[in-house]
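Please look over the sequence and the 3D view before reading on.

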Amino acid sequence: MNKNKLMIGLAGITFGLTILVQIAHRANVLGGHGHDARIAEATDLVLPGYFNLVNGLFLALPFLLLAVSVFLLYKKPNARYLPLIVTLTLTFSIISMIMGGFGAVEYHFGIFMVLATMAYYNSIPLVSLMAGLFAFQHLLGYFFAPATLFVYGPGDYSFLMVMIHAVFVVLTSGAVAMQIASNKKQVKDLEAINQASEQTIQSIIEQLVGTSDQVDLTARKLTTNASSTQSSSEEVKHSIQKIREGSKKQVSQALNSQKILDSFSRSIDEIETNSRNIVSSSKLMTTESTEGFQLVEQTTEEMGRLSEAFNHVKQMVSSLDSRSKEIDSIITVISAISEKTNLLALNAAIEAAQAGAAGKGFAVVAEEVRKLSNQTDEAVKKVGSIIKTIQSDSNQANESVSIGQSKMADSLNSVAKTETKFQSILEAVQTLDNDINKTASTSASISTNSQKILEALDLMQEIAEETAIITDTTDDQSVKQLQLIKDTTEIAQSLSVEVEKLNPLIQKLQGSTSEENEELIEDLIKPKRFGFKKKAAVTPV
C-alpha cells in the first residue's frame, strides 16, 4: 500500500508538471526559450482545428486515470491492477506534456524520468509497457502526418533522430529492467538466506525449550530430594544428640555403680574378717550381714536401672543404623540423578557442537550443568563414605551393647546369687554354731563375685565412653552432611532461578522477527551465564 501511495503521489506531481507546461505554452511564457527555434515557430503557427480537441482528450486521460488510482488507493489498496493504472497515468501525463509543448525536445526528457520512476515497482512488464507506448507514440508521430505536430512539433524531423530517440528509450528501459531483475535476484537470495536463518533459529528455540524443561525438571527433583534428605538428616542429628546424652548418663551411672560396688566389696571384706571372729562377734556379724543384705538389694536395683539404660542405648543404636540405611538409599537416588544430569549435559554439548557457532551458548550451559553434576557426584560420594563410617561405627556400638547386655545379665545373676547368699548368712546367724564354715565359704564366694562385678562395670564404663566418642563424631559428620545438603538445595534453587530467567527469553525468541532473534541469540551466547557462587568450606561444629 505504501508503494502505491508513493507512486500515485509521483504521478500527481508529473500530471501537475503537465498542467504547468500546457498553461505556459498557451500563455506563450516560454516563447524564445529552448534548444531550437521550433518553439518560437509554434507561436506563429496556425494550429489545425483538431489540435485543441486531441490535446484536451490526452490531457483529460491522465487526469481520469489519476482519479481512478486515488479512488482505488482508499477503497481497494491491494488491487492487483492499481500499479497498471498508475503506469498509464505516468505515461499519458508525459505524452500530454509533449503534446502541450508542441513536441519540444526538452519535454522528451520526461520519458526517461518516468521510466526511472517505474523502477520502484520492480516490474519489468510495466516498464516494457511504458517503453512500448512511448515507442508507438514516436513511430506514429513520424509515419502519421496528423500526429507529427503532437510528437515532434512544427518543422522537419529526420528518421535518424527518431531512431536515436528509440535507441535511448530502449536503452533506458533495458537498464531499468536489468536493475529490476538484479534487485529481484538479490531479494530472492536474501529471502533464501533469511529462511535458512529462521529455520536455524527455530531449531535453536526448540532445543532451548527442551533443554530448559529438562533442566527445570531436574532442578525440581533435586530440590525435592535435597529437602527430604535434609529432613532425614535433621532427625538423625536429633537422634544422635539423644544417644550422646544417654551415653553421658550411662557413663555417670557406671561411675556411681562402681562406687557402690567398691563399697560393697569393702563390706564383703569386713564380712570375711568378721567371719573369723564370728564366734565372739555373733551380734556384730548379724548387724553387718543385715547391712550387707541391704546393700545387695540396692545393688540389684541399680543393676536393673543399668540394664534398662543398656536396652535404651541398643534401641538408639538400632535407630541410628536404620536412619543410616535410609540416607544411603536417598544418596543412591541423588547419584542416579547426577548421572542422568551428566548424560544430559553431554547430549547438550554434542548438540551444541553440531550447531556450530550458534550452539556456543548451549556449550556453556552444558558445561555448567556438567560441573554441577560432577560437584553433586563428589558430594554424594563424600556423604556415602560418611554414612558407611556411621554404619560401621553403629554396628560396632551395637555389638558392644550386646556384649554389655550379656555381661549385665551375668551381673544380675551374680547379684541374685549374692542376695541368696546373704539370706543364707542371715539364716546362718540363727544357726551360727552349725553353719560357721558355710558362712566363711559364702563370704569368699561373695568376694570373688564382687570382683567380677567390678570388672564388668569397668568394661561397661569403657563401652559407654567409646559410645560417647562415637556419637560425638557422628554428630559432627551429620552437621557436615546437613551443610552439604543445604548447599545442594541452594544450587538447585539457583538452577531453577536461572531456568525461570531463561523462559521469558525463549518466549521472546518465539514471538520476535528473525533480526530480533539474531540479536537475542547474540545475547544468549555471551560468556556470562549462571552466577553460582563458590561455597565456603564447612567448619565442623
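Glu302 is buried, with a relative accessible area of 17%, where buried stands for under 20% relative accessible area, exposed for over 50% and partly exposed for anything in between, using a 1.4 Å probe and protein chains only. Glu302 belongs to helix α9, and helices here are DSSP runs (H or I, at least four residues; strands are E, at least two), numbered from the N terminus. When neighbours within four places in sequence are left aside, Glu302 is in contact with Gln253 and Ile260, contact being defined as heavy atoms within 4.5 Å.

Ser267, which is placed in helix α8, also counts as buried, at 14% relative accessibility.

The model is predicted, so local features need pLDDT of at least 70 and side-chain atom pairs count only at pLDDT 80 or more, while totals for chains, interfaces and linings use all residues. Residues are numbered from 1 along each chain as its sequence is written, and side-chain values use heavy atoms, with hydrogens and water left out.

## One face of a helix, and the cores

In helix α5 (residues 105-117), the buried residues are Tyr107, His108, Gly110, Ile111, Val114, Leu115 and Thr117. Seen down the axis of α5, these buried residues fall within an arc of 160°, so they line one face of the helix; the arc is that of the directions from the helix axis to the C-beta atoms.

The largest nonpolar core has 40 residues, of which Val86, Leu90 and Met118 touch the most other members. A nonpolar core is a set of buried Ala, Val, Leu, Ile, Met, Phe, Trp, Tyr and Cys residues joined through side-chain atoms within 4.5 Å. The helices that each supply at least two residues of this core are α1 (2-26), α3 (51-75), α4 (82-100), α5, α6 (124-143), α7 (145-151) and α8, and the largest share, 10 residues, comes from α4. Beyond its neighbours within four places in sequence, Leu90 has contacts that include Met7, Leu10, Val114, Met118 and Met130. A second, separate core of 19 residues includes Phe293, Val296, Ala397 and Leu457.

## Spaces inside the model

On a 1 Å grid over the protein atoms alone, a cavity is a set of points where a 1.4 Å probe fits but cannot get out, whereas a pocket is an open set with protein on both sides within 12 Å along at least five of seven lines, and lining residues have an atom within 4 Å of a point. The structure holds 4 cavities of 30 Å³ or more, and the largest cavity has a volume of about 110 Å³. Helices α8, α9, α10 and α11 each give two or more residues to the lining of this largest cavity, with α10 giving the most, 4 residues. By class, that lining has 8 nonpolar, 3 polar and no charged residues, where Asp, Glu, Lys and Arg count as charged, Ala, Val, Leu, Ile, Met, Phe, Trp, Tyr, Cys and Pro as nonpolar, and the others, Gly among them, as polar.

The second largest pocket holds about 380 Å³ of space and is lined by 26 residues, with Thr211, Val215, Leu344, Ala345 and Val369 lying nearest its centre. Helix α8 gives the most to the lining of this pocket, with 9 residues.

Conventions
Points joined across faces, edges and corners; volume = space filled by probe spheres on them.
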